[in-house]
Amino acid sequence: MERTFEAVIRLLAAGEVVVLSGAGLSTDSGIPDYRGPGAVARRHTPMTYQTFRGDPAARQRYWARSHLGWHLMTRARPNAGHRAVARLQHAGLVPVVLTQNVDGLHTAAGSDPVVELHGRLDQVVCLACGRRGSRAQLHRRLLAANPGFTAADAAVNPDGDVDLPDEQVATFRTVDCADCGSGPLKPDVVFFGETVPPARVAHCTALVERAHAVLVLGSSLTVLSGRRFVIQAAKQDIPVVIVNQGPTRGDRYARHILNAPLGTVLPALTDRLTTGVAADPAPTPATV
């Protein structure tokens, strides 16, 4: 482990490191993961873009669950991993963060710029007129339309919603776009069945082309939207470092792998890279 840790330090110290983060980075903030250690079981079929757009009952079900989940998601705060990434940016080693997460915690920790591959839950978009707006404003409108709508002891899912019985969903009232007056609203995130906007992909591709290294944090790389940049880096002989608990679909492309909890190994890496001396001894998790 120590040799791998030191090799990663030497590689990242050269700077121009593009970070690619996934759900595993946010678990210490109380946002669960479907794939990592301690992952929660998916209790319902993921909402697809096609179903959401074409089925009013599906939209009602989504917004009922998400309305309660949003209240819980707003309590999440950046953890040590998010703060470590921000420190690497402020030190000039990481020019940009690419994230598959929709929780906005990188920005809350002070990272800038951040490219959110899958969008953000704190924004909504009208499917009719295309206007974008604040999720907080929508939340206030939904509260007014559904006074007393609560779920006792609800636990938030990785998608930012909660599980509700059908009879409770049936009582929930949705609201339409406040600008055009009739368009259905959707969270400004990439649903299953959607693709990341081509311009966003092209921007990230260009960022990876200029990178000295790609640092993957807390992603199983199951989804192609993130894995494509690891494959790109490997094809261009750009070193890939993966820090994650458990195997990923990008392991064969990696120069170094640290199989470790991000909340411990990432601050240790950052301490060494930004001060030259770690505040605590480097952790000794398993490594590949």
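**Close-up views of a predicted model**

**View 1. Helix α4 packs against helix α10 in this predicted model.** Helix α4 covers residues 80–90, and helix α10 covers residues 262–275. Their axes lie 8 Å apart, at an angle of about 20°. Angles under 35 degrees count as roughly parallel, so α4 and α10 are roughly parallel to each other. Their crossing is left-handed.

**View 2. Residues of α4 meet residues of α10.** From α4 come Ala80, Gly81, Ala84, Val85, Arg87 and Leu88. From α10 come Gly263, Leu266, Pro267, Thr270, Asp271, Leu273 and Thr274. Sorted by class, this contact has 7 nonpolar, 4 polar and 2 charged residues.

**View 3. Six strands form an open sheet.** The strand order is β3-β2-β1-β7-β8-β9, and the pairing is parallel. Strands β3 (114–116) and β9 (256–259) are the edges. Each edge strand pairs on one side only. On average, neighbouring strands are turned by 15° against each other, direction ignored.

**View 4. Strand β2 runs parallel to β3.** Strand β2 spans residues 96–99. It is joined to β3 by 3 bridges. Leucine 98 has valine 115 of β3 as its bridge partner.

How values were computed: Residues numbered from 1 in each chain as written. Predicted model: local features only at pLDDT ≥ 70, side-chain atom pairs only at ≥ 80, totals over all residues. Heavy atoms only, no water. Axes fitted to C-alpha atoms, helices over the stretch in contact; angles between N-to-C directions. Helix = DSSP H or I, 4+ residues; strand = E, 2+ residues; numbered from the N terminus. Parallel < 35°, antiparallel > 145°, perpendicular 65-115°, else oblique. Left-handed = near helix turned anticlockwise from the far one by under 90°. Contact = heavy atoms within 4.5 Å. Nonpolar A, V, L, I, M, F, W, Y, C, P; charged D, E, K, R; others polar. Pairing = 2+ DSSP bridges.
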